Amino acid sequence: MTTKIKNNKKTKVSKIIMMICLSIVAVIQIFPLIWLLDFSLASSNELFTTGLLIIPKKIQWGNYVKAFVDGNFLLYLKNSLLINGLSLVLVICISIITAFATTRMIWKLKTAVKTFLLLGMMIPIHATLLPNYIIYDRVGLTDTIWALLIPYVAFSLPQGLFLTSGFMEAIPKELEEAALIDGCGVYRIILIIIAPLMKSSVATVAIMTYLNNWNEFMMASTYLRSKTWKTLPFSVLEFTGQYSSDYAVQFAVMALTALPAIIIYIILNKHITKGVAMGAVKG
Amino acid sequence: MKKLYSNKWIILSLVIPGIITFVFAILTPILLSLYYSLTDFAGIGKANFIGFENYKNLIKDKVFWVSLRNSLFLALGFIFIQHPIAIITAAILDKLQGKAEGFFRTIYFIPNVISVAIIAYLWKFIYNPNFGLLNNILKLFGYTNEINWLGKGMAIWSVIIVLIWHGFGWGMLIYYAGIKNINPILYEVAAIDGADAKTTFLKITLPLMKPVIQVNVTLAIIAALKQMETVYLLTNGGPGNETQFLANYLYKQAFNSFKYGYGNAISVVFIIICLASTIILNKIFSEKEYA
């Protein structure tokens with residue numbers, strides 16, 4: 001009896017210690033963001049305090065209005081959604097058909113082609129910045145949506161191919177044989193039989209592609225000039241020059257720009273957790 | 001089936017989109033880089049062929065070696081600071097049941113979904129000597145000297161801290177998934193044998209996590225080599241070239257110093273280093289498994 005009580009006490013103490021450890025890490029991870037949110041609601045004069053957080057005399061919603069309007073928030077959000085949506089669809093479609101061709105179809109070069117495409121996973125994106133800048137300039141793609149779509153799709157494709165082809169190999173061939181007897185062609189087999197079975201790996205590909213591209217700005221700032229296709233990170237990048245001394249507004253634009261990604265994350269929380277775990281075990 | 005599945009035209013139609021994208025966006029730029037790396041091209045004007053001059057200069061370039069050293073520091077920071085905390089956090093999280101588990105997991109990952117653009121500027125403010133969070137925290141502990149976190153001698157460590165902080169959730173999540181895959185019966189057996197938490201962690205969790213740790217270490221080293229965006233916005237390699245990384249250096253050479261040919265030589269070497277490291281790391285880890 002007494003040992004049981006002792007044990008209970010012991011597990012309780014260890015549980016408290018566990019909670020404290022996790023909370024410390026959580027505070028380190030999240031406090032900078034709380035600080036950001038807090039400062040974004042104050043006026044610039046109030047920022048120079050000695051305390052950690054400020055209690056603003058009056059909540060400055062005006063910071064957010066400036067951030068929303070002068071940061072081109074709506075335009076850049078629309079561009080981000082459009083460009084990421086399109087690259088997602090393209091990566092998924094191309095991954096599936098390429099995976100089908102390199103795992104199911106019968107031809108000599110299939111392993112070579114697959115290995116070749118998978119090599120893309122090892123190529124550092126930023127090594128292509130200089131030559132692509134010249135290429136897009138010569139071909140007239142600079143400042144068009146293609147200047148972002150092409151590299152976004154290309155650099156997400158190898159991983160997409162890896163994930164989908166790994167999954168496709170596990171699908172039994174009997175299903176296709178039955179469909180063939182019914183007179184289905186290859187394209188219909190992919191569309192009607194294979195694609196619906198790939199849901200979970202398609203979700204993983206979608207999440208990895210989204211996480212890779214949503215926050216990308218290096219290529220965007222190299223290949224784009226005008227506002228037309230600029231994406232969400234530019235709200236922040238362009239703002240620092242414009243409001244260089246009005247710090248509170250800069251805090252507001254950062255908080256505002258972070259918001260869509262955080263909302264998407266909270267909605268897709270479970271899928272993202274699963275996707276990252278699955279996507280990581282690619283090596 | 002065989003006849004239909006070996007139809008050349010169908011095969012071609014299926015692989016052509018992927019191949020075209022790859023060739024246009026990845027292969028052609030690399031080949032073009034190779035070409036420009038052998039010239040003195042300045043971005044505009046004529047490109048003169050100068051052989052391996054750029055490569056010879058690169059080997060003698062101190063900044064090139066500083067960049068590699070910084071990648072090494074960053075990789076060590078990931079492996080010896082971020083990963084141990086991540087594994088321990090993941091192990092504790094695994095013991096925790098119910099809502100708290102999901103809550104903490106969500107919190108840890110949030111910095112990861114936020115754009116590097118925001119993270120870099122946020123930390124610029126955190127490091128700000130006048131109203132920055134870090135100096136204010138130090139003031140709470142009675143330390144009133146204002147530290148210039150992004151100044152000489154300090155900057156590289158400040159950059160590494162940001163990167164460790166930003167990537168923590170990702171590493172943690174991968175370890176967490178690995179720990180979840182461990183058969184719970186092993187823990188029950190250990191508990192019956194009277195093993196305490198520490199022994200269980202060292203004798204069961206860690207050894208079984210070996211493959212996951214290997215994947216994560218590989219990813220960390222590659223990420224350290226490829227680092228660009230945070231540095232570009234936080235310090236742009238400065239002060240001087242103290243916090244320079246390869247990707248940022250090649251960009252700076254091409255667009256700020258107009259040494260486009262030289263920048264491309266760095267690109268080529270950069271690709272070779274990344275390819276070689278990936279292949280070597282995979283070799284090391286796969287050999288160990290067979291042994």
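Read from the N terminus, the elements of chain B follow the order α-α-α-α-α-α-α-α-α-α-α-α-α-α. That amounts to 14 helices and zero strands. The radius of gyration of chain B is 24 Å, whereas the globule rule gives 19 Å for 291 residues, so chain B is more spread out than a compact globule. The C-alpha trace of chain B spans about 75 × 75 × 35 Å along its principal axes. Of the 291 residues in chain B, 43% are buried. Among the contacts in chain B with a separation of 6 or more, 69% are between residues 24 or more positions apart. All of this describes a predicted model.

Chain A has a radius of gyration of 25 Å, while a compact globule of 283 residues would have one near 19 Å. Its C-alpha trace covers about 80 × 75 × 35 Å along the principal axes. Buried residues account for 46% of the 283 residues of chain A. Of the contacts in chain A between residues at least 6 apart in sequence, 77% join residues at least 24 apart.

The confidence of the prediction is given for chain A. The mean pLDDT of chain A is 88, and 96% of its residues reach 70 or more. Where pLDDT is low, predicted coordinates should not be read in detail.

Chain A is divided into two domains, with domain 1 covering 2-62 and domain 2 covering 71-280. The centres of domain 1 of chain A and domain 2 of chain A, taken over C-alpha atoms, are separated by 35 Å. Nine residues from domain 1 of chain A and seven residues from domain 2 of chain A take part in the contact. On the side of domain 1 of chain A that touches domain 2 of chain A, five residues are nonpolar, four are polar and none is charged.

The contact between the chains comes next. It involves 75 residues of chain B and 70 residues of chain A. On the chain B side, helix H2 (residues 8-37) of chain B gives the most, with 16 residues. By class, the side of chain B that touches chain A has 52 nonpolar, 17 polar and six charged residues.

Two packed helices are described by the angle between their axes and the distance between the axes. In chain A, helix H3 (residues 73-103) and helix H4 (residues 110-118) pack at an angle of about 145 degrees, and their axes are 8 Å apart. From H3(A), Thr98(A), Ala101(A) and Thr102(A) meet Lys110(A), Val113(A), Lys114(A) and Leu117(A) of H4(A). The residues of this contact of H3(A) with H4(A) divide into three nonpolar, two polar and two charged.

The buried residues of H11(A) are Pro233(A), Phe234(A), Ser235(A), Val236(A), Leu237(A) and Phe239(A). Their cover includes H3, helix H10 (218-223) and helix H12 (247-267) of chain A, together with helix H6 (116-126) of chain B.

Lys199(A), in helix H9 (residues 199-213) of chain A, is exposed because it has 10 other C-beta atoms within 10 Å, and the cut-off for exposed is 12 or fewer. Its C-alpha atom is separated by 35 Å from that of Thr142(A), 57 residues apart along the chain.

Some backbone details of chain B remain. Most residues other than glycine have a negative phi, and most peptide bonds are trans. The loop between helix H12 (229-234) and helix H13 (246-255) of chain B contains Pro239(B), which is joined to Gly238(B) by a cis peptide bond with omega about -5 degrees. Asn236(B) is found in the loop between H12 and H13 of chain B; although not a glycine, Asn236(B) has a positive phi of about 50 degrees. Phe258(B) lies in the loop between H13 and helix H14 (260-290) of chain B, and its phi is also positive, near 55 degrees. Asn236(B) is partly exposed, with 15 other C-beta atoms within 10 Å; Phe258(B) is partly exposed, with 15 other C-beta atoms within 10 Å.

Key:
Residues numbered from 1 in each chain as written. Chains lettered and ligands numbered in written order. Predicted model: local features only at pLDDT ≥ 70, side-chain atom pairs only at ≥ 80, totals over all residues. Domains from an automatic or database assignment. Contact = placed C-beta atoms within 7 Å. Nonpolar A, V, L, I, M, F, W, Y, C, P; charged D, E, K, R; others polar. Helix = DSSP H or I, 4+ residues; strand = E, 2+ residues; numbered from the N terminus. Rg over C-alpha atoms; globule rule 2.2 N^0.38 Å. Buried ≥ 20, exposed ≤ 12 C-beta atoms within 10 Å, placed from the backbone. Axes fitted to C-alpha atoms, helices over the stretch in contact; angles between N-to-C directions. pLDDT = per-residue confidence, 0-100.
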